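Visitor: I'd like to know what the words used for this protein rest on. Can you walk me through it?

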Amino acid sequence: MHPTPTTRPRALFAMGRRHRDAMFPPAEIQRLTACVDVDPDHVAENLTDEPALADVEILITSWGCPVLDEEVLARAPALKAIVHAAGSVKHHVTQACWDRGILVSSAPAANAVPVAEYTVAAILFANKRVLEIGGLYREHRAPLDWSRRFPGFGNYRRTVGVVGASLVGRKVIELLRPYDLDILLADPYVSTLRAAGMGVRRVELDELVSASDVVSLHAPELPETRHLMDARRLGLMRDGATLINTARGSLVDTDALAAEATSGRIHAVIDVTEPEVLPAASPLYSLPNVLLTPHIAGSLGGELHRITSSALDEVERYCAGEPFAHAVHRAALATSA
């Protein structure tokens, strides 16, 4: 716990201007200025020659924040806290911040909600074959024998494999509880006992991939998770199974996925890719068994205000001398997104 400040601490927005405008409308600005001294019209998109850094105690950051390296910190001697109104802090919080003992908060729990909601919708639609049936109905404009074309389709007692008990992965598991689904979990950091407490069965990744009707990826982007779903592992998926990726594009070998999907053997719902925008000639754009979306699962539109509310909660806690509810710890970054 840090000392309760006797005066309102000085704060500064450090993010892309468009993000500040979208995330901090007048009502939120009023709530913020009630506890900190901040110029709501000033947004630092470049901290190289930012005079306001000299007396800033709290940086309110989001997407587009410059890297907070030693050079920047040298011009911010009063900086004590970074409240990140977004998910990962890996792109701007450096070792120099941790060495200075700066407190860091982030809002991945708030951002996990829409990603999990997107994922659950994708799971339910995938098992029901909604996209394929919708496409065929649009093409034929007449009812067909859907059970013959898609034997066993539906969500009753289907098996869903969740790869990674991240914030999103755990939220997906929570949201799936009301459904009659069998849920498997693969995560090297989760014990069998802990998985059972979550209401799922822990298995090794290869077993999960080969046993699941839907494989949903929620692992962090780390060197050891690059191409976690490579040609061999994609080949383990059941005929007709669906791969969902709302995590990081690097978890999937794009060429191997394109080959499997082109064969028609598996289905896919892909929100993140490597590269982030696929070449125009990629077959993943047009395959009837693939839904490709442009990284929209995370917070957008009105969902951004959930993140804003979380960040403002943290600023208010800091000003009251209370610890952050969503503190980021350096050690945890090694296994987080």
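Predicted model: local features only at pLDDT ≥ 70, side-chain atom pairs only at ≥ 80, totals over all residues.

Visitor: What makes a set of residues a nonpolar core?

Guide: Its members are buried Ala, Val, Leu, Ile, Met, Phe, Trp, Tyr and Cys residues joined through side-chain atoms within 4.5 Å. Buried means under 20% relative accessible area (exposed is over 50%, partly exposed in between; 1.4 Å probe, protein chains only). The largest one here has 30 residues, and Leu208, Met237, Leu243 and Leu257 touch the most other members. Helix α12 (254-263) gives the most, 4 residues. Helices (H or I, at least four residues) and strands (E, at least two) are DSSP runs, numbered from the N terminus.

Visitor: Which residues of α8 are buried, and why are they said to share a side?

Guide: Val168, Gly169, Val172, Ile173 and Leu176 of α8 (167-176) are buried. They cover an arc of only 140° around the axis, so they sit on the same side of α8; the arc is that of the directions from the helix axis to the C-beta atoms.

Visitor: What makes β7 and β11 edge strands?

Guide: Strands pair if DSSP finds at least two bridges between them. In the open sheet β7-β6-β5-β8-β9-β10-β11, β7 (201-202) and β11 (290-292) each pair on one side only, so they count as edges.

Visitor: How do you know that β9 pairs with β10?

Guide: The two parallel strands are joined by 4 bridges, and at least two are needed, so they pair. Within β10, Ala268 is the bridge partner of Leu243.

Key
Residues numbered from 1 in each chain as written. Heavy atoms only, no water.
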